[in-house]
Amino acid sequence: MTTETVVRPRPATEDGTPPEQRHGTGLPALGFLAPFLLLYLAFVIGPTLYGLVMSFFDTSLVKPGLSGFAGFGNYAEALQSADFWSSLWHTVWFTILTTPPLIALAFIFALLADRAKNGRWFFRLAFFAPYILPSAVVALIWIFIYTPGLGLLETALGTIGITSPNWLGDPVWAMPSLAMTTVWWTLGFNFVLYLAGLQEIPRDLYEASAMDGASPWQQIRKITIPMLARTTTLVAVLQVIASLKVFDQMYIMTSGGPNFATRSILEYVYDEGFTNFRVGYAAAVSMLFFLVVLMVSAVWFSIVRRQEKET
Amino acid sequence: MTDLAQRAHSRVKLFNRICFGVLIAFALLWLVPLAWALDTALKPNAETTKTTWAIADPTLDAFSRVLRDTDILTWFGSSLFIATMSAVGTVLVASLAAYALSRMRFRYRTVVFWAVLAGIMIPGQVLIVPWFREFDALGMLNTWWAVSLPQIPTAIAVFIFKQFFDGLPRELEEVARLDGAGYLRIYRRIIMPLARPAVAAVAIFTFVTSWNDLLWPLLVLSNPDIMTVPVGLSTVQGSFGIRYADTMASAILGAIPLVAVFLLFQRNIVEGIAGSGLKG
């Protein structure tokens, strides 16, 4: 504070720095930052540290305090637990099933929509509207579509002679069914990202290549796909992280079943922490999950840095 | 135009037409689930076991039954309050912080900046256990605050605002400062009015994310009187049984507010995603 009162009266041109540097602004800056930082400490930094501490204790939901120190016990238990690994695998399986179609279809639809001269608002409505619906609404609609005996999907496939499995009831088909619902639900987000990426490609690149006799297919391969490399990296990482965080669809549509075949890692945290009251253990599982998300982000970061070096 | 160029031109035209056809087909396919839900909601319950688009006896009864028998209107109120609180709170605290980071010099500026940056990496989903203990200790479970408060300090919102502020010209502020305006006045009178696109993007996104959130509200709201729409709908899911028209009517009713938001703010939403690439 003392430095500020010394700095302020200085003549404006003395050191030639921009005006905002001339004013010492420690105190007002604190005032502007305080509301955010207080909430940030209370609900982001604080809970992260609290969760980390809790993961080393046998904390119970129904007992106050941290309870007994467990060391790495919770982590060891999770890493040896078949339930932990199977729910982690279900999450990864869901990510594998959703990410490629959500990237490829969004890319193809955006590419096609970019060529369309009119009706763009209609495509945006059709592909993007589902994205802003609550998961509960999406789940209710798709449970009905998947209903054995009278669901729309079974009937539609029946008319072309395909026999449907019990979509949500069969342990093998439940996850692909959830994935299909998710593709329908969230494709619009990636679609919009790709549309924006496509608009940044200079049109004269296409015109020049058309002069040289390039076919549309060659243009897509030689111009569009390479120019969209960065958008694809962004879409892919956001998609992988979003898919890893899956909870809603399983919780509402299958309750993690049949026979736990679709229980995701977040649902495992939910079950252990809030059904079995083992919040210390649930915190340890959360931390392991956090580690997975961080690793994905780290991979992304390194890819982006390499792409930036290349250009 | 040479013969060759003309042939190539007509080939491109044909290609474009095929593309358009394929796209229309997919767009229509994408609308089928919503159309089917609406179609079913307009049937009497007895008719819903027949899988046809035609309705022999269309009726709005399913909607009135849902409105009468469930607490859906209360859930609307809850969701509206929580989502509005979250949106207003996020815009306010994030823009204030971003203004300080963009325009002011102070000690530990870089430290603060990196601390906020780190927050983008932390998904709220891994914090549900500590949050629950925290609000339990505060005696604030089953309150709107417990749902709304953790959603307000959004690190990504600070970055969107900071990026936007960094791009604003500084001349106006210089003039205002010479006239003796303080930081708060400049923030209110100059910066925020200019930052309307960023405000719109952050507000709409926080609103939609908050409205749609399920996991955290599900944990803290067990009282039906203050449940949000997604939590409420997830609890009634089983209770309709085979009354499919009622189930679909509740889904449609749950979708209406967001479809309205989408139609009103379509441009802001799309530009917001394109500009910043945020995702829940």
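Helix axes are lines fitted to C-alpha atoms over the stretch in contact, and angles run from 0 to 180 degrees between N-to-C directions. This is a predicted model, in which local features need pLDDT of at least 70 and side-chain atom pairs count only at pLDDT 80 or more, while totals for chains, interfaces and linings use all residues. Residues are numbered from 1 along each chain as its sequence is written, and chains are lettered from A and ligands numbered from 1 in the order in which they are written.

Begin by selecting chain B, which has 13 helices and zero strands (DSSP runs, H or I of at least four residues for helices and E of at least two for strands, numbered from the N terminus). Its C-alpha trace spans about 80 × 75 × 35 Å along the principal axes.

Next, colour chain B by pLDDT, the predictor's confidence in each residue from 0 to 100; the mean is 87, and 97% of the residues reach 70 or more.

Now select H3(B) together with helix H7 (residues 155-166) of chain B: the two pack at an angle of about 50°, with their axes 8 Å apart. H3(B) and H7(B) are therefore oblique to each other, a class left over once angles under 35 degrees count as roughly parallel, over 145 as roughly antiparallel and 65 to 115 as roughly perpendicular.

Finally, show the residues in contact (C-beta atoms, placed from the backbone, within 7 Å): those of H3(B) include Ala94(B), Ala98(B) and Tyr99(B), and those of H7(B) include Phe161(B) and Phe165(B).

Methods: Contact = placed C-beta atoms within 7 Å.
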